[in-house]
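Please walk through the packing in this structure, starting with a pair of helices and moving on to the nonpolar cores.

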Amino acid sequence: MVNVSHSLQLKIFRACLTSFFLLMVGWNACFGDNSATPPVESVIIPGIYAMPKVDESKATTVVGSSSSKEDMQKFLGYEILPVRYLSLPYDVFVKSNVKSYFVDVGFLLLLFIPLLWVLKLDKNPIYNLITVALLLSFLIISVPSAYLSIKNLSIAEGLAAVQSQLGQSSFSEAPINHLSLWMHKIGLWAYQPVFELISKVSGEQDVFTYPLLALLFVGAYYLLKRRVEEQKLPLKSLSVFMLSYFFFWLLLGAGGIWYGFLIACVTYLFMVKGLSSSSDKYLFSRTIRVGTLLSFSAIWIFLAFAYRAGNYALDLREQETPKRILIDPVIQYQTGNLDAATSMNAVFPQYNQAIQAINAEQESLVYSVGTFLSYFIRKNDERVFSDTFLDFFPQLVNRFKDKTKIMQALKANGFRFIIVDLQLNNNDYTAEKSLTKKFINLLNSLHGNPMIELVATDRILEVKGQGTRFHAVFHDQGDVVHFGRFALFRIK
């Protein structure tokens with residue numbers, strides 16, 4: 001009788017914890033602040049400096065010192081080391097580090113994988129409690145750190161912001177928003193002592209993060225071994241292989257989902273097989289499990305279709321683009337009603353003009369700061385020098401200290417064109433905004449420079465009070481009507 005009572009209590013306890021886990025994950029995946037793309041920020045104000053701003057303290061900085069942090073680390077996150085890795089599986093699914101459509105993999109795996117571990121009884125209840133404890137620890141670290149990362153806030157600032165928003169609205173006025181704020185408040189409250197403890201021994205560098213991850217891997221292997229001990233050898237081997245694959249992706253993948261596609265594909269198969277099992281060891285019946293799986297899958301497919309079909313993610317400042325699910329010039333080109341040049345000019349205005357200007361010269365070099373124009377340049381493997389994250393340009397600034405001399409130096413070395421990604425600053429996820437500062441310095445070096453001329457750009461400005469529209473780059477010439485994506489300059 002005692003054993004039955006204990007088993008019932010354990011089931012109730014696990015059911016409550018599992019419900020809490022699913023509620024937190026599902027709520028943050030569906031209603032969390034994980035917008036598709038950050039808005040295009042007009043942070044560039046030309047003419048701040050008469051000459052490019054020279055940072056004497058970094059005059060001897062080695063080229064390449066910041067690009068890895070500005071490029072790959074944005075997928076990994078910028079939290080302190082242990083949290084950076086421990087929260088990564090959650091961050092990938094809710095896009096708390098990089099909020100863009102090309103890293104969207106949905107939330108189904110994150111939502112249902114715990115069920116495969118928690119809802120099936122182990123012979124020893126202690127292992128069930130250990131599994132639940134690990135999942136809750138993962139949740140307590142991941143959800144608040146994701147919220148703080150998205151908002152770029154400290155814990156104190158996050159708590160203050162949530163409390164302020166709670167005071168400004170009531171449950172009756174905005175029930176969903178009110179519940180979301182309470183979820184974040186509870187998560188931040190639970191995460192604060194954990195963060196303070198980790199902060200005492202860690203930061204950008206430490207000596208125990210990798211040993212901790214190795215220890216967790218060994219523990220996960222032991223739990224997995226018990227979890228599949230009744231399965232056949234091929235399934236056991238595949239499970240261990242996938243755990244190892246996940247561990248190496250966590251260490252070496254830098255948060256890039258393209259390095260871990262195998263995890264998603266195979267793990268989805270595990271998830272469907274496990275939840276559709278007819279085993280009587282699960283807490284809920286097969287009908288409830290399969291029905292829940294199909295329901296959430298349908299919700300995700302509906303949301304994903306609307307997200308991908310609409311073009312609102314391309315530029316949040318554009319009002320007409322999201323209204324067109326299909327891009328008309330592309331459809332007309334595919335049906336033979338438009339030629340390639342006309343179709344491309346309709347989809348990518350001014351690209352043809354830029355490509356023709358660059359390809360008219362076969363030997364001149366091109367200094368490229370982002371954009372896709374390089375793919376259309378002849379001999380691009382020989383002519384194009386890519387400085388996407390502006391590691392080389394600060395070296396020119398620190399050496400020549402004059403915008404005219406910088407262009408003279410580029411011209412003397414064979415450079416004739418400069419390609420600039422006008423939205424480069426939107427790829428800056430660093431707390432110190434190092435890429436944005438370099439980008440501002442680049443544009444101020446181009447602004448008012450007698451050594452260069454504008455060849456083509458898809459940015460459109462409007463003369464204040466006149467309604468006249470024209471293609472230009474710098475905001476002091478008029479109001480921005482279409483922000484644009486690129487600008488091509490020629491060195492005279």
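**Helix packing and nonpolar cores**

In this predicted model, Tyr127, Ile130, Thr131 and Leu134 of helix α7 meet Tyr222, Leu223 and Arg226 of helix α10. By class, the residues of this contact divide into 5 nonpolar, 1 polar and 1 charged.

Two packed helices are described by the angle between their axes and the distance between the axes. Here the axes of α7 (residues 125-151) and α10 (residues 209-227) come within 12 Å and cross at roughly 130°. The crossing in which α7 passes α10 is left-handed.

The next topic is the nonpolar cores. The largest nonpolar core has 27 residues, and those with the most contacts inside it are Met407, Ile418, Val420, Leu446 and Phe489. At least two residues of this core are supplied by each of β1 (365-369), α18 (393-400), α19 (403-412), β3 (415-421), α20 (434-446) and β8 (486-491). Helix α20 gives the largest share, 5 residues.

Leu446 shows how one member of the core is placed. Apart from neighbours within four places in sequence, Leu446 is in contact with Met407, Ile418, Val420, Ile452, Phe474 and Phe489. Met407, Ile418, Val420 and Phe489 in that list are also among the residues with the most contacts inside the core.

How values were computed:
Residues numbered from 1 in each chain as written. Predicted model: local features only at pLDDT ≥ 70, side-chain atom pairs only at ≥ 80, totals over all residues. Heavy atoms only, no water. Axes fitted to C-alpha atoms, helices over the stretch in contact; angles between N-to-C directions. Helix = DSSP H or I, 4+ residues; strand = E, 2+ residues; numbered from the N terminus. Left-handed = near helix turned anticlockwise from the far one by under 90°. Contact = heavy atoms within 4.5 Å. Nonpolar A, V, L, I, M, F, W, Y, C, P; charged D, E, K, R; others polar. Core = buried A, V, L, I, M, F, W, Y, C linked by side-chain atoms within 4.5 Å. Buried < 20%, exposed > 50% of the residue type's maximum accessible area, 1.4 Å probe, protein only.
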